[in-house]
Amino acid sequence: MKRSRRQFLANAAAVAGTVAMPSFLRAQSAVTEISVAYSIPVLFKDLMESLAKEFQAKNPSVKVTLRAPENGYEEIMQRNLRDAVTNSLPDVAFHGLNRQRTLDERGIPVDLAPLLAADPETKDLGFSPTLLSLGQVGGKQTGIGFALSTPILYYNADLVKAAGGDPDKLPTSWDEVIKLAAAMHDPAKNITGIFYDWTITGNWGWQALVRSHGGAFLDDSEAKVRFTEAAGREGVRVLRSLVDVGKMPDIKPEVMFQDMFAGRMGISMQSTAQLGRYNREIGGRFRLACGRYPLSAPNARLPAGGNVAMMFTKDSAKQKAAWEFIKFATGPVGATMMVNATGYMPATSIPAQREDLLAKFYRDNPNHMISIRQQDAITGWYAFPGQNALRITDTINDHLQTVVAKRGDADPTLDEMGKAVQALLPRKQG
């Protein structure tokens with residue numbers, strides 16, 4: 001089809017106008033594409049897709065490309081370490097709190113502190129200084145909290161009542177928890193009393209046992225193992241008592257989830273991250289009650305779980321787009337979407353204060369308040385130093401499996417675990 005002279009002139013004028021446009025305006029009208037990596041698709045796939053869609057609707061000059069999710073925090077860590085070698089890192093990545101150190105030791109993340117300080121919108125995002133500190137490593141703001149969690153106990157309230165317990169007055173000590181689990185356990189009815197998920201990524205369940213007994217993992221110089229001291233011994237004895245007295249089976253977490261959702265399990269220790277999933281899967285099958293994780297020492301602490309949004313791109317244009325996406329995902333709107341989809345708590349205080357965001361949600365869903373009420377005991381998710389950090393995680397898991405499978409007693413196995421981890425720590429010079 002032939003174009004008229006008028007059409008030709010109109011098109012030519014449009015092209016000329018674009019060329020004559022100042023360069024900064026042309027740059028603003030161009031679309032900047034950023035790649036985003038994340039993990040744990042069972043919790044985050046739908047949420048990430050919704051976040052990207054909502055963000056792009058508000059920021060049409062940015063295209064968000066989501067990478068295929070990795071299964072867990074270890075997997076995304078391994079993937080990104082390979083990406084660093086091949087120069088194919090994502091622009092933004094969501095990593096477990098305990099993996100920031102490993103990335104920072106390799107110089108991968110961008111320090112977000114200057115961006116926070118320079119952006120006038122930061123003061124309106126409601127970032128808590130305490131929770132912001134969970135994204136700090138070596139004096140840098142390596143990440144901004146996205147989804148934060150604490151360990152809690154999930155109870156089938158119907159089974160609690162059937163065993164003589166009170167769903168409105170849940171146990172506060174491990175002795176009480178284990179006693180209740182034993183009372184619930186009934187193989188004849190295919191009922192399991194309890195499962196403590198010690199397999200959670202980054203030895204999180206083990207860290208909770210040690211920290212809640214007032215313990216530490218290494219000494220102040222990070223040269224010597226300390227989890228073999230009294231607090232660690234109490235922790236590993238609780239794990240074994242769950243097996244011996246509470247009748248906890250040696251099963252995979254996937255089996256636990258199926259049994260819990262079906263009403264065949266009384267108690268499960270898991271992250272608050274799973275609360276949204278518990279609610280959806282249980283439906284109205286039985287009443288779900290959540291209780292605080294037992295604190296067993298005056299200086300007891302609980303490791304904060306979850307992940308932070310990190311920036312990897314060094315390209316200035318992409319950094320601007322990446323920062324806008326990080327602000328959106330971790331700010332009030334993104335945090336509200338995240339809480340509604342999961343059981344995590346946000347790193348911003350604003351949503352819980354606003355009726356149009358999460359104030360009503362928390363009133364109507366008291367189970368979601370358990371993690372927030374545990375903030376008085378929150379501490380960092382410990383990251384072991386050095387190149388062997390991932391190997392240490394696997395080594396600890398192997399020894400915990402020995403305890404749960406009853407292939408070795410608690411104390412001797414803990415001693416062997418300590419020796420194995422000690423051998424993997426960086427050797428201090430001098």
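1. Leaving aside neighbours within four places in sequence, Thr402 is in contact with Arg407, Gly408 and Thr413, where contact means heavy atoms within 4.5 Å. Thr402 has its place in helix H18, helices (H or I, at least four residues) and strands (E, at least two) being DSSP runs numbered from the N terminus. With a relative accessible area of 19%, Thr402 is buried (buried means under 20%, exposed over 50% and partly exposed in between, with a 1.4 Å probe and protein chains only).

2. This is a predicted model, in which local features need pLDDT of at least 70 and side-chain atom pairs count only at pLDDT 80 or more, while totals for chains, interfaces and linings use all residues. Residues are numbered from 1 along each chain as its sequence is written, and side-chain values use heavy atoms, with hydrogens and water left out.

3. The largest pocket has a volume of about 840 Å³; a pocket here is an open set of points on a 1 Å grid over the protein atoms alone, with protein on both sides within 12 Å along at least five of seven lines, and lining residues have an atom within 4 Å of a point. A volume is the space filled by probe spheres set on the points, which are joined across faces, edges and corners. The lining consists of 36 residues, of which Asp197, Thr199, Ile200, Thr201 and Pro253 lie nearest the centre of the pocket. Among the elements that give two or more residues to this lining are helix H3 (41-58), helix H12 (253-262) and strand E9 (265-271), although the largest share, 4 residues, comes from H18.

4. By the rule applied, the count comes to 28 salt bridges, each a side-chain nitrogen of Lys or Arg within 4 Å of a carboxyl oxygen of Asp or Glu. One of them joins the side chains of Asp91 and Lys318 (3.7 Å, N to O). Asp91 lies in the loop between H4 and strand E3 (92-96) and Lys318 in helix H14 (residues 316-330), so the pair ties together parts that are 227 residues apart in sequence. Asp91 is buried at 7% relative accessible area, whereas Lys318 is partly exposed at 28%.

5. Arg233 and Asp415 also meet through their side chains in a salt bridge (2.4 Å, N to O). Because Arg233 belongs to helix H11 (residues 230-244) and Asp415 to helix H19 (residues 410-424), this pair ties together parts that are 182 residues apart in sequence. Arg233 counts as buried at 19% relative accessibility, and Asp415 is partly exposed at 30%.

Technical notes
On a 1 Å grid over the protein atoms alone, a cavity is a set of points where a 1.4 Å probe fits but cannot get out, and a pocket is an open set with protein on both sides within 12 Å along at least five of seven lines; lining residues have an atom within 4 Å of a point.
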